[in-house]
Amino acid sequence: LAKAAVDQGLSSKLAEARTKLQDRFVAGLRTYRAMMQQVALPKTLELLPLLILSILKSPVLKDGVDVLTDHRIQLAMQLGSMSAQQAVAFFLPNIFGLHGLTANGANYGGVAGNTVIMPPLVPRALDQLSPEGMYLVENGVMMMLWIGKSCPPQLVQEILNVPNAERLDSVKLNLQNLGNDTSQRVNNIVGTIRQHRAGPMPIYCVRQGGAAEPRFLTQLVEDRTLAAMSYSEWWGLLAR
C-alpha cells in the first residue's frame, strides 16, 4: 500500500495519493468488520491503523515547503528497495529512553547470557518524552539522539563526553565507549539495533528546542500535526 501510494504521489498530486490510500484502507477495514461482525482487530493487525496513519504523515507523502523535493525523492527511492519488515520500521520508528537504565533495579543495556536487555519502547508522542530525559529513536535507516532541555549534564557527559549538548544539535555523532557503565550500556543498545538493521545507521544529535528538532518530530507519528490528526483522533474516526 505504501509503495503504491508513493508511486502515485510521484506521478500525480500528493494529496490524491494520500486520499486514495486512506480510502482503500477504510474500505478494507469496513469489509473486514462486516465479514467478521466485530470491531476489534486481531492481534496480528493491531498496528495496521497506526501504520497507515504514519504513512499518511510521512515526509515521502507530505507536500509543502518544509519537505524538499530532492529529500522526498530520496526517501521514495529508499522505500522502493525496502522489504516489508524494513518499511514497517521506517514508518513506525522505535523510541528508547536512555536515562534510568538501572533505576529501580533495572538492567537495561546490560547483558544476560549473550543477549542485551533492551529498554521498553516509548510511545511515539511528544507528551511521552520527559525534558529531563534522553531518548534514542531508530527507523531502520538512521538514529536520532534527542536530548531534553533539562537533561542532567552528568548523563550528557557520561554518554557524549561533553558537559552539554548546545553545540551538538544536528551533528552526526561518533558514539564511543567512554569506559563508564552508562556509556557501555548505551553502546550495547545501539550495537543491538545495528545488528538487526541493514546499513550503517548513522546517529544524529537533536536538542529539545533546537533547529534540528522538527525533523525529529516527524518520527512522533502518534501526535497531531497541522495537516494530520493524532492517532487517538484517527482511531476514533475508524471506529465509527
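I searched the whole structure and found four salt bridges (a side-chain nitrogen of Lys or Arg within 4 Å of a carboxyl oxygen of Asp or Glu). The model is predicted, so I note that local features need pLDDT of at least 70 and side-chain atom pairs count only at pLDDT 80 or more, while totals for chains, interfaces and linings use all residues. Residues are numbered from 1 along each chain as its sequence is written, and side-chain values use heavy atoms, with hydrogens and water left out.

**Entry on Arg124 and Glu222**

I looked up the pair Arg124 and Glu222, whose side chains form a salt bridge at 3.6 Å, N to O. Arg124 sits in the loop between strand S3 (115-116) and strand S4 (134-138), and Glu222 in the loop between H8 and helix H9 (231-238), so the pair ties together parts that are 98 residues apart in sequence. For these elements, helices (H or I, at least four residues) and strands (E, at least two) are DSSP runs, numbered from the N terminus. I recorded Arg124 as buried, at 12% relative accessible area (buried is under 20%, exposed over 50%, partly exposed in between, with a 1.4 Å probe and protein chains only).

**Entry on Asp181 and Arg185**

I then noted a salt bridge of 2.8 Å, N to O, between the side chains of Asp181 and Arg185. Both residues belong to helix H7 (residues 181-195) and are four residues apart, about one turn of the helix. Asp181 is partly exposed at 46%, whereas Arg185 is buried at 12%.

**Entry on Glu233 and Arg224**

I found the side chains of Glu233 and Arg224 in a salt bridge at 3.2 Å, N to O. Glu233 is partly exposed at 35% relative accessibility, and Arg224 is exposed at 56%.

**Entry on Glu213**

I placed Glu213 in helix H8 (residues 213-217). Glu213 is buried yet has no salt bridge, and the nearest side chain of opposite charge, Lys149, is 9.0 Å away. I did find a polar contact of 3.0 Å between the side chains of Glu213 and Trp146 (a pair of N or O atoms within 3.5 Å; within protein, one must be able to donate a hydrogen and the other to accept it, and residues adjacent in sequence count only if both atoms are side-chain atoms).

**Entry on Leu10**

I located Leu10 in helix H1 (residues 2-11) and recorded it as exposed, with a relative accessible area of 53%.

Methods:
Lys and Arg count as positive and Asp and Glu as negative; His and the chain ends are not counted.
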